[in-house]
Amino acid sequence: MKRLFLLASLAFLSLSVAAQPDTPVVQFLRENPARAAFNTHSYEFLPTHDTPAPAGYKPFYISHYGRHGSRSDWGGGQYATVRDVLSRAKEKNLLTSEGESLLREASVIYELYNGMDGRLTPRGVREHAALAERMYHRFPAVFKRGSKRVRAVSSTVPRCIVSMNGFTARLQSLQPDLDIDLDTGEKFTEYIATGANRTIERRTSAALAPRRQQMMASLDTDTFMKTLFTDPEAAKQFIPNPSAFQYAMYATAKVGEAFDIEGDMFRYLPFENVVKFHEDNFLSAYLNQCNSELNGELRLPLNKPLADVLIRQADDVISGKVQRAADLTFGHDWPALGLMCYFGLEGVSEKLSVDEAAANWLPSWYCPFATNLQIVFYRFTKYHEILVKFLMNERETAIPALKPVSGPYYRWEDVKAYCANRVPHTRIVAHRGYWNGNAQNSIASLKKAQDFGCWGSECDVHLTADGVVVVNHDGAIGGLDIQKSNSEDVRAQTLVNGEPVSTLDEYLTQAGKNRDCVLVIELKPHYSEEREDILVDKCLAALKSHRLYDPERIAFISFSHHICRKIAKLAPGFTNQYLEGDIAPAVLHAEGINGIDYEYPVFYAHPEWVKEAHDLGMSVNAWTVNGKEDIEKMRDLGLDQITTNEPALARKLLWEVCNQ
Ligand code: MG
């Protein structure tokens, strides 16, 4: 009886599972299976309309960021795998007619893509020409009555340059009077194609690894084997890992559209598996690039430089500093996503957990080939406010955090104020590493600060009697005065987590593993200026030998005025903050010392020193800021960094102000 009940329950459960409604993502795939290609899905223009602008307002300028159009792919390995495996099966007469058909399609893809890694396809050019045409006909006033100048810049990647050419050539053909400047170069690529961030990528991989493992283990492998092979058992000699082979099939199917290959290659796979591969693919894009719960607070600041450029360009046009109808920027998918998130656009920029994103985030809508963001600017007269609307892939969209004037029209000043406050100004330095639950100044504490995504991690260094630089806070350890002891004896001492005291060399090896976390080195005062000089020289030499002699990756702090002066002289490009708290910024500035890092009560007593330092181009840090009120006070004073034992609390408080 019990068994019957169990079976009935299981049957009911499976029916219940089967009856689960599709998530928005699955629904989206059912509407058009080609969307399973996600970021290699060709551009889909969906019908749209324009909400009338408030009375009297006319468009006069467009800022456009567009990803390159459809391109060939890399990964000849994937296509070769599918083609080669099926070819071998064919020789043994093991292919069904479906298998034969897949072999033909995979062979075509292999031939088309082999040697064409990452090149724009003819379809990609057409996508951009069509975008230009629709923009021109949709906003004729911008190009006919406004300025005739258009500025287009591209990342240095050839597919972006060719996309730019396709777009602007069509624009020019529609309005021959336009004066279009084209340009490309590293200085544009720097902000157009924001680089990968390894800390974020590591966090994403760690978060998704168990999910991927589970997904691969849960795949239906029987269905596709029966679809492709007359004798699935015999075919296994060619396919030792059917799940991995299916993923290769998915990767091959993903790129067919870009070359106008007819037919949906996803049809060879069970739909449920396509859904799983698709999810596995797009979640890393969401977690790496968007405002996810996991990484959003680390990602958003990295999207700022591109947004800042677009804002500055628009302001130059609005103020009349330059005469221009449009700024056209041609780049890539990840920065396009980042930009949409930075402007807080509806849907794409939502802060979601991994599960929520898997169900609701619509990747092929947010970042297909030629994905684009257009900001259209409207004015009435020069006395009226400037209004803007945002078009995501040519459709009007909203910024949920802002109140529009009407429909999708926002005050430009409101958008700018929102962006200015989008990320905290103040950055977090983990004091002696992120040691909570670990040991101060340990390698583990540095690694934890790196993994947490702290802007910086601080450590303290001393010179031993035999001239080795070691990392420890106090001048003595285990009864040994570090300066008067040999390194061997100092190194024999252990920290509370069992690690031996590190040499600076060992510490730099760990620092070198993460480009995104600045190592803030505190050089402790020594018994004589001569010894301090040796310490500085040895630190600088160690940085050079570790290829870390880079102001982007290293900062110096010291209570020793002499050490700060010495660093100012020998390493003037580096952040160099004086710690004692007893000297006004202007005095230090006159000596070439470019920063202050004072105990936080000093800034309660001298709040004016923050502005004084900033006006002189100096950086301002405070130690050791652990309490809620003090963190908030330093944040509100506009400090560049706070050094804290509480990075998690600091991050929460710093971000709260941006999301009020
Ligand atoms: Mg220190």
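A: Start with a term: a salt bridge is a side-chain nitrogen of Lys or Arg within 4 Å of a carboxyl oxygen of Asp or Glu. Glu522 forms one with Lys524, and their closest N and O atoms are 2.9 Å apart. This is a predicted model, in which local features need pLDDT of at least 70, side-chain atom pairs count only at pLDDT 80 or more, and totals for chains, interfaces and linings use all residues. Residues are numbered from 1 along each chain as its sequence is written, and side-chain values use heavy atoms, with hydrogens and water left out.

How open are these two partners? Buried means under 20% relative accessible area, exposed means over 50%, and partly exposed lies in between (1.4 Å probe, protein chains only). Glu522 is buried, with a relative accessible area of 5%. Lys524 is buried too, at 10%.

Asp460 lies in strand E10 (residues 456-463) and Glu522 in strand E15 (residues 518-523), so the pair ties together parts that are 62 residues apart in sequence. Helices (H or I, at least four residues) and strands (E, at least two) are DSSP runs, numbered from the N terminus. Asp460, like Glu522, is buried.

Now the other charged pairs. The structure holds 40 salt bridges. One of them joins Glu394 and Arg134 at 2.7 Å, N to O. This pair links distant parts of the chain, 260 residues apart: Glu394 sits in the loop between strand E6 (387-392) and strand E7 (395-397), and Arg134 in helix H5 (residues 122-138). Glu394 is buried, with a relative accessible area of 3%. Arg134 is partly exposed, at 23%.

Another salt bridge stays local. Asp451 and Lys447 meet at 2.8 Å, N to O. Both lie in helix H19 (residues 443-452), four residues apart, about one turn of the helix. Asp451 is partly exposed at 31%, and Lys447 is partly exposed at 39%.

Lys254 has no such partner. Lys254 is buried yet has no salt bridge, and the nearest side chain of opposite charge, Asp73, is 6.3 Å away. For charge, Lys and Arg count as positive and Asp and Glu as negative; His and the chain ends are not counted. Lys254 lies in helix H12 (residues 242-254). Its side chain does make a polar contact of 3.2 Å with that of Asn39. A polar contact is a pair of N or O atoms within 3.5 Å; within protein, one must be able to donate a hydrogen and the other to accept it, and residues adjacent in sequence count only if both atoms are side-chain atoms.

Thr644 has a polar contact as well. The side chains of Thr644 and Asn626 are joined at 3.2 Å. Thr644 is found in strand E20 (residues 641-644). Thr644 is buried, with a relative accessible area of 0%.
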